[in-house]
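Colleague: I am new to this structure and would like to go through it with you. Please show it, and I will ask as we go.

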Amino acid sequence: MRLQGKSAIVLGAAGAGNMGQVIAKRFAEEGARVTVAGRHEAELKRFAANIGGAYALCDITRRADLDSLAATATAAHGGVDIGVNATGWGLVKRFEQTSEEELQRICALQFMGPFYFMQAMVQAMRERGGSIIQISSATATIMLN
């Protein structure tokens, strides 16, 4: 129960059995009050009920969604101590075949989104402190192969 009394947000937990759900489940097992977030409400709702947590719809590319996520977690659990961004999209194609539209989408998701996430978490944690965890993946290097 190493996280007893802590409140955690795990963004990127809307896919059944994905990395975000594994992290959120472990946090709950360690005693944290967990808010899971992502873009698929039915799965978030099911999973949150399974771990005894809260959920919020959130698209990391939308700053307002992230501010709302922090507010939801604060209202449900009294604050935010841990923020985990486990979102991602593996653009599995060669660099020279990547379209401008795909580049814009990946930049929004992998660069701007984490920036917005960290800003929202810093604001939510300002008074009490906390930890922000940014997850990356091996898919980040696929375009270079």
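Colleague: Leaving aside its neighbours within four places in sequence, which residues is Leu 3 in contact with?

Modeller: This is a predicted model, and Leu 3 lies in its segment before E1. With neighbours within four places in sequence left aside, the contacts of Leu 3 are Phe 27, Glu 30, Gly 31, Ala 32 and Ile 82.

Colleague: How far apart in space are Leu 3 and Lys 93, C-alpha to C-alpha?

Modeller: Along the sequence, 90 residues separate Leu 3 from Lys 93. In space, the C-alpha to C-alpha distance between Leu 3 and Lys 93 is 39 Å.

Colleague: Which residues of helix H1 are buried, and where do they lie around the axis?

Modeller: Helix H1 covers residues 19-29, and its buried residues are Gly 20, Gln 21, Ile 23, Ala 24 and Phe 27. They span an arc of only 160° around the axis, so they lie on the same side of H1.

Colleague: What do the buried residues of H1 pack against?

Modeller: Phe 27, a contact of Leu 3, is one of these buried residues. The partners of the buried residues of H1 include both strands and helices. They are strand E1 (7-11), strand E2 (33-38), helix H2 (41-51) and strand E4 (82-85).

Colleague: Is Gly 88 buried or exposed?

Modeller: Gly 88 sits in the loop between E4 and helix H4 (100-125). Exposed means over 50% relative accessible area. Gly 88 has 51% relative accessibility, and therefore it counts as exposed.

Colleague: Which residues is Gly 88 in contact with, leaving aside its neighbours within four places in sequence?

Modeller: Val 10 is 78 residues from Gly 88 along the chain, and their C-alpha atoms are separated by 13 Å. With neighbours within four places in sequence left aside, Gly 88 is in contact with Leu 109 and Gln 110.

Colleague: In what order do the elements of the protein run from the N terminus on?

Modeller: The protein has four helices and five strands. From the N terminus on, their order is β-α-β-α-β-α-β-α-β.

Colleague: What is the radius of gyration of the protein, and what would a compact globule have?

Modeller: The C-alpha atoms fill a box of roughly 50 × 30 × 25 Å along the principal axes. For 145 residues, a compact globule would have a radius of gyration near 15 Å. The protein agrees with this, because its own value is 15 Å.

Colleague: How far apart do the centres of the positive and negative side chains lie?

Modeller: There are 15 positive and 13 negative side chains in the protein. The centres of the two sets are separated by 6 Å.

Note on methods:
Residues numbered from 1 in each chain as written. Predicted model: local features only at pLDDT ≥ 70, side-chain atom pairs only at ≥ 80, totals over all residues. Heavy atoms only, no water. Helix = DSSP H or I, 4+ residues; strand = E, 2+ residues; numbered from the N terminus. Rg over C-alpha atoms; globule rule 2.2 N^0.38 Å. Lys, Arg positive; Asp, Glu negative; His and termini not counted. Charge placed at Lys NZ, Arg CZ, Asp CG, Glu CD. Buried < 20%, exposed > 50% of the residue type's maximum accessible area, 1.4 Å probe, protein only. Arc of directions from axis to C-beta. Contact = heavy atoms within 4.5 Å.
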